[in-house]
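This short report is for a reader meeting the structure for the first time. Please keep the sequence and the model in view while reading.

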Amino acid sequence: MKIGVIVFPGSNCDRDMFHVLTDVFKVDAQYFWHEKKLPSNLDAIILPGGFSYGDRLRAGVIAAHSPVIADVKRLASRGLPVLGVCNGFQILVEAGLLPGVLLKNTLLSFMCKWTHLIVENNKTPFTNKLKLGQKIPIPIANGEGRYYADEQTLADLKKNNQIVFRYGEEINGSTVCIAGVCNKEGNVVGMMPHPERAVEPQINPIDCKPASLIFESLFSTIGVTH
Amino acid sequence: MSLEKQEYEYLEKKIGRKPTKTELNIVAAEWSEHCSYKSSKKHLKTLPMKGPRVISEKGFDSGVLDVGDDYIVTVHIESHNHPSAVEPYGGAATGVGGVIRDIISAGTRPIAILDGLRFGNIEKDPHARWLFKNAVTGIADYGNCIGVPTVGGEVEFDDCYSNYALVDVASIGFGKKDRLIKNTAQKGDLVVLLGGSTGRDGIGGSQFASDSLESENRSAVQIPDPFIEKLIIETVLEARNQKCIKAVKDLGGGGLSCAISETADSLSIGIELDVDSVHTREPGMSPDEIMISESQERMLIITDKAKLKTLQDICKKFHVQCSVIGKVKDNKMMHVKKKKNTLALLPANVVANAPLLDRPTKKPAYLKGIQNEKKLKTQSDLSLVLLKLLSSPNLASKRWVYGQYDHEVGIRTVIKPGYDAAVLRLDNGKFLAVKIDGNPKHCYVDPRQGAIGCFEEACRNVVCTGAKPIGMVDHLQFGNPEDPEIFWTFIEALKGLADYAKHFDIPCVGGKVSFYNETPKGPIKPTPVIGVLGLIDKKPLHTSASQGDVLILVGKTKNELGGSEYFEYIHDFVGGECPKVDFKASKENMDAVLVLFKKNLLKGAHDCSKGGVAVAVSELCMQNNVGCKVSLDKIPGEKLSHDRLLFSESHSRYLLVAQKQKLAQIKKVLSQNNVSYDVIGSFEGDQIQFKAGSASVVDLSVDKVQKRWVRSLEDLVLHG
Amino acid sequence: MSTYTVHVTIENKPGINDPEGETILNDLVLKGNYSFVTKIRSAKMLKFTIKEKDKKSAEKKVRQLCDELRIYNPMVSRITVDVF
């Protein structure tokens with residue numbers, strides 16, 4: 001049983017994600033270069049953060065055309081849990097696996113700071129061990145993290161319970177402070193903040209437990225012991 | 001062409017004939033001040049560079065320190081002053097690129113960046129604001145894109161940098177000792193150029209850095225491409241893993257000319273290359289342009305013929321261009337060809353070793369009597385003075401800057417920006433503390449004491465996290481070395497640094513010298529910037545303070561306000577006694593703090609530097625949302641007027657925060673270590689209070705001050 | 001076949017917030033007393049050099065390319081195509 005971490009040219013947080021999975025939670029993970037085929041026996045897929053293709057043209061758009069995305073789509077349609085973090089979220093949106101769009105932050109500059117999320121949907125493979133309304137201390141680090149959904153999309157998101165996380169404070173102009181969404185089926189989740197940066201007490205000065213539950217939710221969903 | 005007459009004659013004599021045009025261009029690039037260090041090389045030898053942790057290898061661009069358990073840390077510092085003054089975004093960004101490539105040249109992965117930024121008066125000068133804003137964006141965009149966290153640095157403003165920019169970038173690398181690339185090469189090995197294509201960027205750049213900034217020369221600016229840099233990082237580290245790299249050098253100032261000559265010289269080999277094999281981005285580039293181009297994001301790799309295919313496959317995977325441009329010979333010559341025509345054939349050691357200069361020195365006239373103070377206007381409201389200082393660009397919070405840097409990527413940043421030093425966790429359970437510090441105001445008033453002060457300040461900062469200093473890098477930035485008065489300040493600063501390094505056994509593991517930092521207004525103030533690395537064996541000290549904690553001040557406060565923020569920002573006065581480091585007290589105080597840390601007796605430590613004890617106490621209050629009541633009468637040292645006690649920038653002073661119940665043990669340790677100290681106050685309420693007897697000298701609301709301190713720089717830059 | 005230069009201008013749809021344009025207007029231009037400027041919208045332009053048989057085909061093909069490869073995001077942006 002293993003978790004696949006996809007690596008694009010320009011991905012940076014692949015190593016961080018791999019470290020958290022294998023060193024902190026001691027589960028089996030493997031890197032997959034974006035030109036490789038994904039095996040069918042993966043238990044979950046994670047698209048990590050970074051600057052794939054240097055964010056050229058638009059963050060995530062070029063990576064969304066990578067060969068591996070066809071496999072990601074295929075496995076996602078079978079219900080495999082897929083998590084996109086930061087640039088990974090941007091790629092999933094550009095690939096059409098998640099609704100909405102990520103735009104430049106309102107303040108027009110890159111922002112690296114600690115904030116907290118509020119859980120809005122605890123039925124996804126990544127949130128089923130969290131409580132509704134639970135606060136998650138977590139850092140953001142992005143320049144294009146402003147989530148935008150037009151009226152119709154927003155209405156659909158609300159109707160289908162697709163808003164997974166919201167920011168606890170107005171931070172970058174995101175529509176109704178959306179920090180993470182899922183697809184209609186609920187197995188593909190994208191989030192702008194970095195959970196992999198919030199699970200170790202040495203690095204997270206506030207409280208690691210909530211962010212850890214994001215990973216624990218996944219492990220219990222796919223039946224991995226750690 | 002920038003070869004001096006005597007240099008031309010020297011070259012002619014060495015090669016026994018007149019040089020060709022290409023040879024002249026190559027030598028002029030390598031013999032520029034920026035590449036050859038001809039003014040400073042002789043003198044830099046006085047810095048101690050050896051130590052039990054220091055690892056030196058041939059041709060290394062970065063300093064290497066052994067941190068135990070078969071792990072090493074590499075460090076390098078560079079500047080990109082001239083380019084940043086012309087085009088701050090590209091100049092600062094490419095500065096990051098250059099220093100990162102030096103780190104990967106050693107075979108280590110870059111794990112942190114630090115930036116030192118200095119500009120003119122941003123309160124009065126919109127151009128300085130423009131330079132500052134864009135330099136920060138340049139560093140942010142580049143560092144963030146390559147995924148290396150910018151974890152610390154400095155931001156300072158002074159009139160002497162009008163129309164100019166000092167952009168210092170340092171980087172730290174980490175890796176296993178057995179993966180260190182030991183540069184070697186044998187006859188028959190291949191010379192490969194890897195990375196971005198060669199264009200006309202930066203033509204004349206390193207020579208440009210050696211002329212002063214009188215006219216804008218936009219072709220001398222380089223365009224950054226952090227995406228290619230990221231691919232290069234992964235390519236080089238993968239090539240290292242697969243043992244494809246026998247020797248590696250990053251291309252920086254002087255381009256191919258310098259990289260080839262320096263590599264050939266340090267490895268005692270000959271290199272023959274064909275300019276037609278260099279992958280270029282513009283058609284019709286002349287051989288000379290190809291040799292001196294400073295296009296960014298390029299590396300030179302020497303590989304075994306048998307490993308070429310593997311190297312090419314790795315480059316292909318990462319979509320990084322690579323061309324075999326030459327081969328290694330054993331004739332110790334640098335041979336540049338265009339197909340069959342020889343354009344240059346020079347002994348590598350002649351090219352790489354410019355005739356060194358013995359520049360004259362003369363004590364500057366301005367220093368005469370500078371320690372004398374003029375009569376200063378009495379400041380009746382010291383609360384207002386402190387508030388003004390905390391809102392001033394030099395002392396205000398730099399959150400606006402580091403908030404734009406991803407300082408968390410890599411998940412190593414244990415102590416984040418905004419504290420005394422950044423602390424990174426290493427893979428062997430140890431922690432690395434790192435800080436860079438400069439103080440041109442002090443160095444102007446007293447170059448030697450000022451330089452020592454910068455070194456001690458960087459050490460104090462890492463000590464405040466519980467780390468013992470293990471190595472130093474220095475960046476010496478001065479005006480025109482041909483001016484004997486300026487060269488005197490350089491020599492003095494160097495002497496100071498060498499003295500401190502020797503006394504404290506902290507080896508200099510790298511550094512840079514940057515001369516010709518001048519604007520039409522004149523030279524910059526002497527600006528040595530010192531970076532110190534410290535190692536901690538256990539959990540670092542993450543400073544905090546809460547209601548009921550006690551505040552101790554270790555170290556004496558003296559009447560030394562020359563070059564202080566108080567004198568210059570409030571009184572507009574340059575002069576007075578520069579703070580001097582007392583080596584004995586420095587060692588005793590430093591050791592005492594480390595003992596207290598080891599015994600887990602402290603909740604926090606914060607050093608006193610710019611703005612004195614008043615600013616240091618205020619910072620503790622604002623960061624922890626707690627008030628403090630301090631008694632000026634308890635401050636150890638000379639009996640001084642209130643303002644001098646508050647704002648003197650004497651060295652070797654530490655504020656210690658501790659729980660009341662640990663006080664007795666702390667006092668025991670401090671007395672045993674023979675240090676001057678006293679319990680000067682306690683954390684209580686929500687006001688920053690300094691009292692003399694029962695009289696209130698300073699009384700400010702923490703909340704009110706914090707709001708100003710946090711927003712001041714951002715408001716100034718964004719809204720003028 | 002002739003060589004054409006095609007300019008594709010990508011800008012946010014009118015209803016979408018354009019902080020970049022607003023900042024340039026409010027914090028730079030109007031502060032510089034250029035009060036005759038009433039609005040600024042930011043855009044990105046890509047210049048394509050293509051070989052096609054005529055201007056009409058050139059425009060059609062470039063538009064198609066932009067749609068298929070998501071050169072612009074139709075939810076928030078629109079494109080203007082000019083052929084030279």
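## Ground rules

The expected span of a helix is 1.5 Å times one less than its number of residues. Helices (H or I, at least four residues) and strands (E, at least two) are DSSP runs, numbered from the N terminus.

This is a predicted model, in which local features need pLDDT of at least 70, side-chain atom pairs count only at pLDDT 80 or more, and totals for chains, interfaces and linings use all residues. Residues are numbered from 1 along each chain as its sequence is written, while chains are lettered from A and ligands numbered from 1 in the order in which they are written.

## Helix α24 of chain B

Helix α24 of chain B covers residues 702-719. Its 18 residues should span 26 Å, and its end C-alpha atoms are 25 Å apart, which agrees. The helix α24(B) bends by about 45 degrees at R711(B). That bend is the angle between axes fitted to the seven residues ending there and the seven starting there. Just after α24(B), G720(B) takes a positive phi of about 70 degrees.

Which residues of α24(B) are buried? They are V702(B), V705(B), Q706(B), W709(B) and L713(B). Buried means 20 or more other C-beta atoms within 10 Å of a residue's own; exposed means 12 or fewer, and partly exposed lies in between, with C-beta atoms placed from the backbone. The buried residues of α24(B) pack against several elements of chain B, including α14 (382-391), α21 (612-624) and β27 (695-701).

## Nonpolar cores

A nonpolar core is a set of buried Ala, Val, Leu, Ile, Met, Phe, Trp, Tyr and Cys residues joined through C-beta atoms within 7 Å. The largest has 310 residues. Among those with the most contacts inside it are I45(A), A112(B) and F455(B). Helix α7 (residues 126-146) of chain B gives the largest share, ten residues. A second, separate core has seven residues, including V6(C) and I71(C).

## Chain A

Eleven residues of chain A are in contact (C-beta atoms, placed from the backbone, within 7 Å) with nine residues of chain C.

Y53(A) has about 55 degrees and lies in the loop between β3 (42-47) and α2 (67-77). C86(A) is near 55 degrees, in the loop between β4 (82-85) and α3 (87-94). Most residues other than glycine have a negative phi. Y53(A) counts as buried, with 24 C-beta neighbours inside 10 Å. C86(A) also counts as buried, with 29.

Conventions
Contact = placed C-beta atoms within 7 Å.
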